[in-house]
Amino acid sequence: MTLPQEVCGLICQQPFLSKKDLRTLCSVSYSFRDEAERLLYTTVRLRTLRHIRTWCVSLGSRPHLAPRVRLLSFSMPPAANLEAADYSLLVCALGACTNLKELQFLSDDLSPEGNAKRTFFLEGHSWQLLTFTNSYFNPVMLRSFFEAQSNIHTLVMRTGEHESPKPVYLPRSLITLDTSAAVLRSVANASGMGVKRLQYHMAHARGIDELPTFVALARLSHSLTTLSIERHGMDEGMDVAVVAACIAAQLPHLRYFKLMDNTIRSSDSLVPLLPFAINFEHIETLIIKPATRLHEEEDTLRYIYRELDTESGRSNAAERIMHNLPTLKFLTLVLDQDYGYERREGNAITNLGVVALDANGWMEA
């Protein structure tokens with residue numbers, strides 16, 4: 001008995017089925033193969049050069065599968081490991097995926113981030129991407145590619161912390177950008193973009209890097225409403241209050257601000273967390289992870305604001321912060337757990353207890 005195509009489709013879409021299970025279903029019947037292949041080829045992730053070569057060759061012999069691909073991800077080896085035949089395979093495979101909407105080129109474990117300069121195989125294709133992720137190509141080399149991609153609204157650009165000596169041009173259609181502070185400082189056409197959501201990463205939170213980054217943010221002040229900052233390293237860096245004050249001065253329309261301070265300090269803070277009012281005129285959501293310091297006698301990391309060690313201290317800090325920011329509706333303190341606070345009717349501050357924080361929530365804010 002042959003099952004109807006609709007039933008085969010429902011079976012193949014069961015969430016507990018792995019890709020291995022779907023590949024097995026391909027051999028059950030033609031109906032199962034059609035549905036399983038559709039799901040297998042909608043999202044394709046190739047993590048080694050061997051996988052890239054095998055998949056490209058397979059696609060050449062089964063071209064009817066290529067239009068089903070919506071998301072295609074390559075983990076690329078160092079450019080020196082690629083042969084001329086590999087570039088030919090990539091050109092053919094990319095050209096065949098006519099309905100591609102999301103493309104990722106990632107550096108593998110051996111490939112330096114943002115080092116590849118050959119981008120010719122990205123160009124001349126019929127698809128128009130919505131999302132592009134890059135940690136492989138030198139961002140300077142992507143200008144002509146971005147000029148041809150007028151629909152990209154989400155860009156993830158992870159290409160190291162070295163500022164480019166040449167200007168970087170990004171798609172003018174961008175709405176959401178996730179990048180390093182170094183790339184952000186290098187962008188030449190920021191004032192002509194309408195970016196609403198931005199996340200940037202700092203490998204070393206030093207003042208000599210932070211201040212120029214704040215200046216670069218000013219070029220997005222006309223459109224930016226959501227900002228997420230990830231700070232790393234063993235450097236002292238600026239206090240959260242100073243960072244927040246600088247951000248408020250540069251971004252008057254900001255409604256969502258997230259600061260994840262992963263730096264490790266040498267001493268506790270002498271002042272409480274955000275002790276004074278900050279001129280955020282429209283802020284509604286604030287998420288803060290404070291810096292830590294190593295307590296050698298306990299061999300543990302503790303947050304530099306001692307008031308956050310107790311529930312009463314956290315509540316007092318939340319009351320103070322939300323009193324100083326009258327437009328703030330939600331506050332989350334990211335500590336050993338995520339503690340949430342909400343302003344409700346009558347200006348009452350409600351302790352929500354432990355909440356579930358979505359690491360990528362900024363992309364939807």
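Biologist: Among contacts with a separation of 6 or more, what share do residues 24 or more positions apart account for in this chain?

Modeller: A contact means heavy atoms within 4.5 Å, and in this chain residues 24 or more positions apart account for 60% of the contacts with a separation of 6 or more. This is a predicted model, in which local features need pLDDT of at least 70 and side-chain atom pairs count only at pLDDT 80 or more, whereas totals for chains, interfaces and linings use all residues. Residues are numbered from 1 along each chain as its sequence is written, and side-chain values use heavy atoms, with hydrogens and water left out.

Biologist: How many helices and strands does the chain have, and what percentage of its residues count as buried?

Modeller: Helices (H or I, at least four residues) and strands (E, at least two) are DSSP runs numbered from the N terminus, and the chain comes to 10 helices and 16 strands. Buried means under 20% relative accessible area, exposed over 50% and partly exposed in between, with a 1.4 Å probe and protein chains only; of the 365 residues, 48% count as buried.

Biologist: Is Gln104 buried or exposed, and which residues does Gln104 touch?

Modeller: Gln104, which is found in strand 3 (residues 102-107), counts as buried because its relative accessibility is 10%. Leaving aside residues up to four places away in sequence, Gln104 touches Arg45, Leu71, Leu72, Ser73, Phe74 and Thr133.

Biologist: Where is Arg172 placed, and is Arg172 buried or exposed?

Modeller: Arg172 sits in the loop between strand 5 (154-157) and strand 6 (176-180), and it counts as exposed because its relative accessibility is 57%.

Biologist: At what angle do helix 4 and helix 5 pack, and which residues of helix 4 meet helix 5?

Modeller: Axes are lines fitted to C-alpha atoms, for helices over the stretch in contact, and angles run from 0 to 180 degrees between N-to-C directions. Helix 4 (residues 49-61) and helix 5 (residues 84-96) pack at about 55°, with their axes 9 Å apart. Helix 4 is therefore oblique to helix 5, given that angles under 35 degrees count as roughly parallel, over 145 as roughly antiparallel, 65 to 115 as roughly perpendicular and the rest as oblique. From helix 4, Leu49, Ile52, Arg53, Trp55, Cys56, Val57 and Leu59 meet Asp86, Leu89, Leu90, Ala93 and Ala96 of helix 5.
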